[in-house]
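Open the model in your viewer and keep the selection panel at hand. The stops below say what to select next and what is there.

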Amino acid sequence: MKINLEILSATHLVADEEIGDLRTKELVPKMVFRRRLTRAAKLVVEAVDKVGFENGRIVYGSAFGELKASANILSAILNDQMISPTDFQNSVYNTAVSYLSILKNNKNEILTISSGDKTAEKILKVGAIKALDGDEILLLASETMNIENIEQINKCIDTLENVVALKVRVTEEKANINILNENNSKYPESISQMIEIAKNYDENKQNVIEIQI
Amino acid sequence: MKINKKAYINNFHAISSAGNSAEELFESICEKKDCISIDNTYVKDREVAIGKIKNDKSFKELLKEGCKKVLDESSLDDYSDTLLIVGSSVGGMGVTESVYFKDKSYENIDYKEHTIDSIAYNLKKEFTFYDDVSFSTACTSSANALGYAKEVLLKGIYKNVLVVGADSLCSTTVCGFAALSVLSSKPCTPFDKNREGMNVSEAIAILLLQDEKTENSVELCGVGYSSDSHHMTQPHPDGLGARNAIENALSDASITFEQVDYINAHGTGTIANDNSEANAVASLFTNKPYLGSTKSFTGHTLGAAGAIEAIISVMCLQKQIVVPCKNLETPNRDDISFTNEALPCDLNYVVSNSFAFGGNNTSLVFGKCNEN
């Protein structure tokens, strides 16, 4: 079975260490709320603003989740220190989109997928199946790996901060963007497929991808 | 989009602090056995009550054995035409902790054993699935896995779906909830005036859903989702998100509030969660169906909770029994019906609630299958 998705809007942001020039202060005016945001949450807020998605169903994904919060917790336990409650509440994989839902007052279904190196592929499949209901769906992925000593485990990913957003709906039109199944890029393999789609998005034409279920 | 199909739960298996099989789990609940133990190894200088699996085999072995058992008892020869959906909040964090605490370095952590996907990764070494996907929405993870299973069956995309809810105990979760000051030092007593808090626990819950029913099938007939959009860890005090999820689930099942006979509550035993859920239930169900939390037996199994409570709900319908609450001596609500004894009843529909960090809410409706 295959489902074709029209990409209505797309964006991606990547950086070797830290994505700069974020407009978090403007997009999240309440300081108390802004201060709690994880790096992934800030990137997600930025990407969602760029694709112009306000409210609706979201399929989000990350292979590694909130690494910084998890690393802080591990370090605290190892060193017999108290765990920060904020680190713990921010350590769940759905943290970034949960902050987004609070910010946007989005009360819809928001799903978080974590399927290792195949996370992007699964976001696309789940998103396509959900989009059969006819609504516009936001497909979102991020990896934020810029933590102290990450080089101890990361041997192949160049870009430690990554976010990608695709606003989609089902279409009968033919696909005109190829989806790469091999990861030959410097991005995390988990979400590189979606980053490549976003890179190929052309706002001056109709953009369609074919999802093999 | 829906085509004229249904989602039937045909086989299942559960391992938790309340037993090494689904039958043991249900028996422990009906007989009100003590299943939660006191632990002083996880949290420094403090005893906390946790739900620990009592089995000499490793979590990984139990997971593989459980999937094999479900396969052997099913109509399938293998899982090659089956979608695997995993729901987990912890994934391989326990494995990561053991390496990191020993080495004090990330160097020897195998990332494939660390992530949420580690559960599917290990199962795929043993079984061939058509495809797989892992969900991680904290404590709604496996409830969302069940919701998606229903969706792909009803849309005619798959005929067989294996849902695995699995989370093991680890320092991150036990110490993390301790940091939030919500852990109880004794077995939890949801909805009791004198409750202390919750019990972090571990469990494996496996359900095979198919689009054709077999003997003793129970239908997953409704799924409702919502987001609180309120707070990262505190549910809306009036239970608005919970209300939306329950309303959406009943609408999806095309049934009325009066048709619901029993509600398996999320009921963690924390004041914020219990009050929010009780407010939602009391405002929706004027017929006062029985409400109970089975977390006083299983503890809060986090990402596995939705799946293990789905199994309990299914068994309630199969055995036509409303399961009891445990140690609920002084209910803090008089507008909700509780039972402290297992009650034989005519049960047609059971609702199971799961709520999570980030205000992620999922309600499931299970229905007795009629003969035709």
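Helix axes here are lines fitted to C-alpha atoms over the stretch in contact, and the angle between two of them is taken between their N-to-C directions, from 0 to 180 degrees. Keep in mind throughout that this is a predicted model.

**Stop 1: two crossing helices in chain B**

Select residues 141-154 of chain B, helix H6, together with residues 305-319 of chain B, helix H11. Their axes come within 5 Å and cross at roughly 65 degrees. Which residues meet where H6(B) and H11(B) touch? From H6(B) come Ser141(B), Ser142(B), Ala143(B), Ala145(B) and Leu146(B). On the side of H11(B), the partners are Ala305(B), Gly306(B), Ala307(B) and Ala310(B). Sorted by class, this contact holds 6 nonpolar and 3 polar residues, with no charged ones.

H6(B) has 14 residues, and the distance from its first C-alpha to its last is 20 Å, close to the 20 Å expected at 1.5 Å a residue. Is H6(B) largely enclosed or largely open? Of its 14 residues, 13 are buried, so H6(B) is largely enclosed by the rest of the structure. Past its end, select Gly156(B), which follows H6(B) and has a positive phi, near 75 degrees.

**Stop 2**

Go to Leu302(B), in the loop between helix H10 (295-298) and H11 of chain B. Leu302(B) is not a glycine, yet its phi is positive, at about 55 degrees. Most residues other than glycine have a negative phi. Leu302(B) counts as buried because 30 C-beta neighbours lie inside 10 Å, and 20 or more are enough for that label.

Continue into H11(B) and select Ile311(B). Ile311(B) and Val44(A) are the residues with the most contacts inside the largest nonpolar core, which has 192 residues. H11(B) supplies the largest share of this core, 10 residues. Leaving out residues up to four places away in sequence, Ile311(B) touches Phe12(B), Ala14(B), Ala22(B), Ala205(B) and Leu207(B). In soluble globular proteins, nonpolar side chains tend to be buried together.

**Stop 3**

Select Asn216(B), in the loop between strand S7 (203-210) and S8 of chain B. Asn216(B) has a phi near 75 degrees, a positive value in a residue other than glycine. Is Asn216(B) buried or partly exposed? Asn216(B) is partly exposed because 13 other C-beta atoms lie within 10 Å of its own, and the label covers counts between the exposed limit of 12 or fewer and the buried limit of 20 or more.

Next take Cys221(B), in strand S8 of chain B. Cys221(B) has 22 other C-beta atoms within 10 Å, so it is buried. Apart from neighbours within four places in sequence, its contacts are Ala253(B), Val365(B), Phe366(B) and Gly367(B).

**Stop 4: where the chains touch**

Show both chains and select the contact between them. Chain B brings 47 residues to it and chain A brings 43. On chain B, helix H3 (93-103), helix H4 (111-114), strand S5 (131-135), H6, helix H7 (171-179) and strand S8 (218-227) each supply at least two residues. H7(B) gives the most, with 5 residues. This side of chain B divides into 20 nonpolar, 19 polar and 8 charged residues.

**Stop 5: each chain as a whole**

Color by chain and zoom out. Chain B has 11 helices and 14 strands. Its radius of gyration is 19 Å, close to the 21 Å that the globule rule gives for 372 residues, so chain B is as compact as a globular protein of that length. Its C-alpha atoms fill a box of roughly 55 × 50 × 40 Å along the principal axes, and 63% of its residues count as buried.

Chain A has 8 helices and 6 strands, running β-α-α-α-β-α-α-α-β-α-β-β-α-β from the N terminus on. Its C-alpha trace spans about 60 × 40 × 30 Å along the principal axes. Buried residues make up 54% of its 213 residues.

Definitions and conventions:
Residues are numbered from 1 along each chain as its sequence is written. Chains are lettered from A and ligands numbered from 1 in the order in which they are written. This is a predicted model: local features need pLDDT of at least 70, side-chain atom pairs count only at pLDDT 80 or more; totals for chains, interfaces and linings use all residues. Helices (H or I, at least four residues) and strands (E, at least two) are DSSP runs, numbered from the N terminus. Two residues are in contact if their C-beta atoms, placed from the backbone, lie within 7 Å. Ala, Val, Leu, Ile, Met, Phe, Trp, Tyr, Cys and Pro count as nonpolar, Asp, Glu, Lys and Arg as charged, and the others, Gly among them, as polar. A nonpolar core is a set of buried Ala, Val, Leu, Ile, Met, Phe, Trp, Tyr and Cys residues joined through C-beta atoms within 7 Å. The expected span of a helix is 1.5 Å times one less than its number of residues. The radius of gyration is taken over C-alpha atoms; the globule rule is 2.2 Å times the number of residues to the power 0.38.
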